Amino acid sequence: MSTIERLLLKQEIEDFLYLEADLLDGRKFRDWLDLLAEDLVYFMPIRRNVKFGQHDEKENTRQGEGISWFDEDKWTLTKRVEQVLTGVHYAEEPLSRVTHMVSNIRLLDVTPTEVTVGCRFLVYQNRVEYENYTFIGRRTDVLRRNGESWLIAKRELILEQNVLLAKNLSIFF
Amino acid sequence: MTNPIDTERGLISREIFVSPEYHRAELEKLYTRAWLFVGHESQIPNPGDFFVSRMAEESVILCRDARGEIRIFLNSCRHRGMKVCRYEQGNTSLFVCPYHSWSYTTDGKLQGVPLYRSLYEGTLNRDEWSLVPVGRLANYKGSIWATWDETAPDFLAYLGDAVDHLDQVLDCRDGRPGGAEVIGVHKWVFPSNWKLAAENFLGDSYHNPSHRSVDMIGMSGSAQPGQRRDNEYTNAQRVWIGFPAGHGLTAGIAHPDLEYTPTYAQYPEVDEYFRYCFYERKRRLGEKARNLALVGNIFPNTSYHGRQPRSLCVWHPSGPDKVEGWRFFLVDADAPAAVKDVLRHYYMRYSGPAGMTEQDDMENWLYASKASSGTIARRYPFNYQMAMGKPNAANLGPGLVATQMTDQTPRNFYRTYARYLNGDGWDSLLGRDLQPIRRAAE
Ligand code: FES
Ligand SMILES: [Fe+2]
């Protein structure tokens, strides 16, 4: 891949991720679901305080085993969207105000069908009157080519917290 | 001055949910005495294994010492208080304090004191400076409990007849005793008073409307619309029970001829497993198998989900208006991998801060606490008058057994609570004056 092709691809991916953030922050949850591949893996581990030298092995809970904050599929995320749209999911009724920021975007791996993208996320949530939460971390997405656009096939969210400093994870990341 | 905890009239002052004075009194008079859940054997299988836990606002180390014995001690150096262990779990032969390097063996004994010979010899007797151990410790079917009070009664005496219900959390699904495994722990903080969370599990079925959204979408294991868990209780007599030591719960008592209700029916292999467990449990336990746990709270702050999902959750106070929830998710250690996989997914989408059901609880607890803190608000008590004066069932087992939703169970909880704050002796804390402890089966 030439440098110019790579730059164009990166620009295209950035546009896609910003569009995605717009859908979420604009509360277009159903449209957001359309960006998710049917075989989506959506994963946010729980982070643990471990001894020096054990980080690779033990710091994060693992996808596919035990308990994480999220380790789920599109069916479950669809249920979450349906729940918010009932209008009586009180943890999101009234709806929170949310802004998703995405930065430090890098293409980590490019194949003819998929691109692995690394970035940082900063998600700000303000709820009712005085509730404020800031979720900051690293994210790795696998995006799959879908005609003129992309589908999110995998999302791994490494939240930089141990004890979760929020009462709920009622928003989408 | 009216009684702030008037359980006779069902009026409880908001002060106990918001005031720093009550919070202080709870820490000093209640949390220093009651039995508290600390962890599970499966988290520390080998000598030297440790898991850092909490007892109310204090950090404790749950540890299996070099000889294999289970210990719990305060996670604070006897020298100048540094937290001796800031890892969550692991294996060690020594806890070395980061501050001045005093070191403690896995049984809590002070071993190393730098420059002992030249600076402390003749003054410091190492035997007297062990990490502070709990007063009493109990291992009940793998669940580890502790109290700071050496004079506390045995854990089983404390539990009383609630034991048959806790058993259903700790025992295998097919009725074999014990055999559970912790597959993960949630830890999160939320603004609320801890008692609101505990109350919820005392059998507050009345709050079901707040979970309407999750019932509407249907997230049960069988993905039936209109329910958030598989309906195992349809043909059961629902009961709401309060026990003399303050524990409370709601459960179902199944019809003697109850047949299996499809469970996690989206997944045939899992459904088949639970079908097997259902009949095997019936065969093993006989009459006792009719008891179908739902939710409950072991006084003061250990709540459980007994079947779908299955966990123990401790609501640690962190100030009057903050709670740190620690939820321990359980499966049968020897369940097939496919079963464990379906269960963990169900647990994650049901419970805790990311749980579609519990999110709504946290919202309620937060704003109920907040809206009760004002000077005017505090003048008006909470109402606990539901089903007051309704007769209890005498033939459905021990405890105060109601067959309709009731505030009798929380009234019973707060009666015990008031006794702790009053500094009562153990006979009173166990409610020995309230009713004879009936253990029909024994
Ligand atoms: S505080 Fe632990 S050695 Fe000084
Ligand atoms: Fe609830």
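Predicted model: local features only at pLDDT ≥ 70, side-chain atom pairs only at ≥ 80, totals over all residues.
Is Met362(B) buried or exposed? Its relative accessibility is 0%, and because buried means under 20% relative accessible area, Met362(B) counts as buried.

Which residues surround it? Setting aside neighbours within four places in sequence, Met362(B) is in contact with Trp188(B), Phe190(B), Gly352(B) and Pro353(B), and also with Lys167(A) and Asn168(A). Met362(B) and Ile183(B), by comparison, are 179 residues apart in sequence, and their C-alpha atoms are 23 Å apart in space.

I now turn to the sheet in chain B. Strands of a sheet pair through backbone hydrogen bonds, either parallel or antiparallel. Here we have an open sheet of 8 strands with antiparallel pairing, and the order is β13-β19-β18-β17-β16-β15-β14-β21. Which strands stand at the edges? They are β13, residues 180-190, and β21, residues 400-402; each has a single partner strand, so one side of each is left without a neighbour in the sheet. On average, and with direction ignored, neighbouring strands of this sheet are turned by 20 degrees against each other.

Strand β16 (residues 291-298) and strand β17 (residues 302-305) of chain B are antiparallel and pair over 4 bridges. Within that pair, Asn297(B) has Ser303(B) in β17(B) as its bridge partner.

Two helices lie across strands of this chain. Helix α9(B), residues 337-350, lies across β13, β17 and β19, and it runs at about 160 degrees to β19(B). Helix α12(B) lies across β14, β15, β16 and β21, running at about 155 degrees to β21(B).

Helix α12(B) also meets another helix. Two packed helices are described by the angle between their axes and the distance between the axes. For α2(B), residues 20-30, and α12(B), residues 408-421, the axes come within 9 Å and cross at roughly 80 degrees. The two helices are therefore roughly perpendicular. Which residues make this contact? From α2(B) come Tyr22(B), Ala25(B), Glu26(B), Lys29(B) and Leu30(B), and from α12(B) come Tyr417(B), Tyr420(B) and Leu421(B). Sorted by class, the contact has 6 nonpolar residues, 2 charged residues and no polar ones.

A further element of chain B is a hairpin. Strands β11(B), residues 136-140, and β12(B), residues 143-147, run antiparallel and are joined by 5 bridges. Leu137(B) is placed opposite Ala146(B) of β12(B). The hairpin has 2 residues between its strands, and Lys141(B) in the turn has a positive phi of about 50 degrees.

Side chains of opposite charge can pair when their charged atoms come close. Over all chains, the count comes to 46 salt bridges.

Glu160(A) lies in the segment after β6(A) and Arg138(A) in strand β5(A), so the pair ties together parts that are 22 residues apart in sequence. Glu160(A) is partly exposed at 41% relative accessibility, and Arg138(A) is partly exposed at 33%.

In chain B, the side chains of Glu88(B) and Lys187(B) meet at 2.6 Å, N to O, in a salt bridge. Why does this pair tie together separate parts of the chain? Glu88(B) is in the loop between β6 and β7, whereas Lys187(B) is in strand β13, so the linked parts are 99 residues apart in sequence. Glu88(B) is buried at 9% relative accessibility, and Lys187(B) is buried at 8%.

In another pair, Arg176(B) and Asp334(B) form a salt bridge whose closest N and O atoms are 2.8 Å apart. This pair links distant parts of the chain, 158 residues apart: Arg176(B) is in the loop between α5 and β13, and Asp334(B) is in the loop between β19 and α9. Both count as partly exposed, Arg176(B) at 26% relative accessibility and Asp334(B) at 47%.

Salt bridges may also share partners, as they do in the network that joins Glu20(A), Arg139(A), Asp141(A) and Arg155(A).

Key: Residues numbered from 1 in each chain as written. Chains lettered and ligands numbered in written order. Heavy atoms only, no water. Axes fitted to C-alpha atoms, helices over the stretch in contact; angles between N-to-C directions. Parallel < 35°, antiparallel > 145°, perpendicular 65-115°, else oblique. Contact = heavy atoms within 4.5 Å. Nonpolar A, V, L, I, M, F, W, Y, C, P; charged D, E, K, R; others polar. Pairing = 2+ DSSP bridges. Salt bridge = Lys/Arg side-chain N within 4 Å of Asp/Glu carboxyl O. Buried < 20%, exposed > 50% of the residue type's maximum accessible area, 1.4 Å probe, protein only.
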